[in-house]
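Please look over the sequence and the model below. A short report on selected features follows.

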Amino acid sequence: MSERRIGSQEAAQGAIDLESIGFGVMKTFKRFFWLLLVGAIVTATAMCVYTGMTYTPLYTVSATFTVDVMSGLGVSSSYYNNATAQQLARTFPYILESGVLSNMVAEELGIEELPPISASVVEDTPLFTISVTSDSAQIAYDVIVMTIEKYPSIAENVIGATTLTLLEMPYIPTSPSNTLSYRDMAIRGAVYGAMGGLVVLVLISIARPTVRNIDDMKRMINLRALGAIPAVMERRRSENRSDRANSRLLLMNNNAPQNYADAMRIVRARVDKLSREKGYKRILITSAIPGEGKTTVTINIATSLAQRGYKVIIIDCDLRNPSVGRRILGSTSQDDAVVDISDYIKGEAQLDDIIEEVAPNLQVVRGGKPIYFASETLSSGAMRELIGELGERADYVIMDTPPCSMMADATVLASYADAAIFVVREDYARRSQVIEGIEHLSNSGVSFLGFVINGAGSTSFSVFDTDGKRYSKYGRRYGSYGGYGGYGRYGAYEKAQKER
């Protein structure tokens with residue numbers, strides 16, 4: 001019972017794990033890297049369009065003077081010249097604000113408002129510069145010429161007698177000083193878009209607490225880790241695919257990647273050891289939500305046990321979306337010629353009619369055509385008798401069930417099982433969904449062998465091989481393995497339930 005103790009959901013979800021968050025951000029970044037690119041492109045384009053629409057060319061005209069102050073002895077001093085230039089720069093804004101100079105220049109030019117005028121000095125030199133910026137090159141030129149003419153007489157009242165020598169006559173500019181660069185705007189927009197996208201990815205990672213590794217799962221619940229199965233590539237075929245012929249993930253095909261096959265055998269060895277120690281024969285395998293790869297794990301555990309010499313029977317108990325037969329035999333669940341578990345429950349077939357040999361020591365009972373009211377069928381006495389009879393015929397009965405956080409089917413089946421295995425796809429289901437699913441099974445009183453992390457180290461992206469055929473990461477879309485989209489029928493099920 002201690003193996004099934006579940007930690008506080010609030011504590012598990014509320015704890016701040018920086019390492020887990022960092023790992024989640026990295027995986028989210030890999031998964032949504034394309035989104036960052038799109039965001040950068042969109043932001044760069046928007047900034048270019050906005051800048052182009054709001055751009056106003058500005059023209060700047062400047063004039064630089066040398067400041068010469070005569071000392072009391074009639075000699076020019078560089079010290080006084082430099083100090084006076086500094087004072088001119090400091091007092092220039094006040095002279096403008098006083099209105100004396102600005103009014104005088106505006107009146108002479110016949111304009112109501114002067115464009116911005118500024119003054120600066122080159123450090124440690126007697127060089128003093130006045131600049132005028134306007135959206136009209138002519139106005140900027142006229143203003144600075146008039147300012148040069150009027151300023152010395154006004155400045156003399158502030159700092160005394162000075163001589164301002166114009167180094168170079170100002171001229172009417174032919175190009176704006178605020179040159180528009182779409183390239184710079186695009187780069188800036190791309191950077192802003194990428195930074196904003198990164199912030200969004202961090203927030204998504206924090207706001208979407210998923211199980212990211214074995215340690216993450218152990219912190220949430222007190223269950224034994226049976227192993228972690230790595231993510232591998234699997235070829236996606238046409239709609240009329242044969243899963244057995246195409247899948248690289250089924251051990252019975254003998255072409256699974258070595259690291260994947262080794263990981264599955266480790267899981268099988270632990271399941272076998274624990275089951276023999278505790279006398280378990282009927283093992284239920286489920287997950288929290290669709291798309292976590294539980295059916296593939298079910299078939300491979302059963303196959304590996306059969307390859308060890310045990311007689312194993314797989315039962316497809318996912319009657320709403322049966323997929324075991326399709327995965328192994330390549331048949332469709334709508335094949336009317338197939339005798340399935342529903343026929344046995346209704347008394348229209350014998351037990352031997354629904355058991356098919358698929359490999360040495362390995363048999364399968366198909367789920368058949370999807371049915372809406374699966375819980376009623378699974379809770380029938382005939383179903384209990386079926387599992388009991390199969391347990392007499394085999395060393396292991398492995399049951400593939402629907403996701404347990406969505407439906408009550410797995411909980412019903414748990415009452416027929418000796419033990420359960422919980423499959424969790426890495427960085428997929430929310431922690432709350434995982435905890436909820438395990439709690440549902442715990443309420444049935446079934447023992448837990450442990451959990452399996454599926455798709456470990458996975459990233460969600462697609463690649464292409466040399467002949468152009470598309471591949472997808474294992475577990476990326478359960479549709480690759482027979483269309484877990486079938487769970488969309490749950491909506492129809494709920495509607496039918498209400499009508500009843």
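Asp400 is buried, with a relative accessible area of 0%. Buried means under 20% relative accessible area, exposed means over 50%, and partly exposed lies in between (1.4 Å probe, protein chains only). This is a predicted model, where local features need pLDDT of at least 70 and side-chain atom pairs count only at pLDDT 80 or more, while totals for chains, interfaces and linings use all residues. Residues are numbered from 1 along each chain as its sequence is written, and side-chain values use heavy atoms, with hydrogens and water left out.

The side chain of Asp400 meets that of Lys294 in a salt bridge (3.1 Å, N to O). Lys294 lies in helix H11 (residues 294-307) and Asp400 in strand E11 (residues 396-400), so the pair ties together parts that are 106 residues apart in sequence. Helices (H or I, at least four residues) and strands (E, at least two) are DSSP runs, numbered from the N terminus. Lys294 is buried too, at 1% relative accessible area.

## Other salt bridges

A salt bridge puts a side-chain nitrogen of Lys or Arg within 4 Å of a carboxyl oxygen of Asp or Glu. The whole structure holds 15 of them. Two are listed here.

| Pair | N to O distance |
|---|---|
| Glu108 and Lys150 | 3.9 Å |
| Asp262 and Arg265 | 3.6 Å |

Glu108 sits in helix H5 (residues 100-109) and Lys150 in helix H6 (residues 137-159), so this pair links distant parts of the chain, 42 residues apart. Glu108 is partly exposed at 47% relative accessibility. Lys150 counts as buried at 16%. Glu108, Glu149 and Lys150 are linked in a network of salt bridges.

Asp262 and Arg265 share helix H10 (residues 258-278), where they are three residues apart, about one turn of the helix. Asp262 is partly exposed at 34% relative accessibility. Arg265 is partly exposed as well, at 33% relative accessible area.

How many residues of strand E13 are buried? Eight of the ten are, in a strand that spans residues 447-456.

Strand E5 (residues 225-230) runs parallel to E13, joined by five bridges. Two strands pair if DSSP finds at least two bridges between them. Gly227 has Val452 in E13 as its bridge partner.

Strand E12 (residues 419-425) also pairs with E13 in the parallel sense, over seven bridges. Here the partner of Arg425 is Asn454 in E13. Together E12, helix H18 (residues 431-443) and E13 form a right-handed β-α-β unit. Right-handed means that, with the strands pointing away from the viewer, the path from the first strand over the helix to the second runs clockwise.

## A buried arginine

Arg366 is in the loop between strand E10 (362-365) and helix H15 (374-378). Arg366 counts as buried at 10% relative accessibility. Its side chain makes a polar contact with the side chain of Glu356 (2.4 Å). A polar contact is a pair of N or O atoms within 3.5 Å; within protein, one must be able to donate a hydrogen and the other to accept it, and residues adjacent in sequence count only if both atoms are side-chain atoms.

Phe29 is in helix H2 (residues 18-31). Phe29 is partly exposed, with a relative accessible area of 31%.
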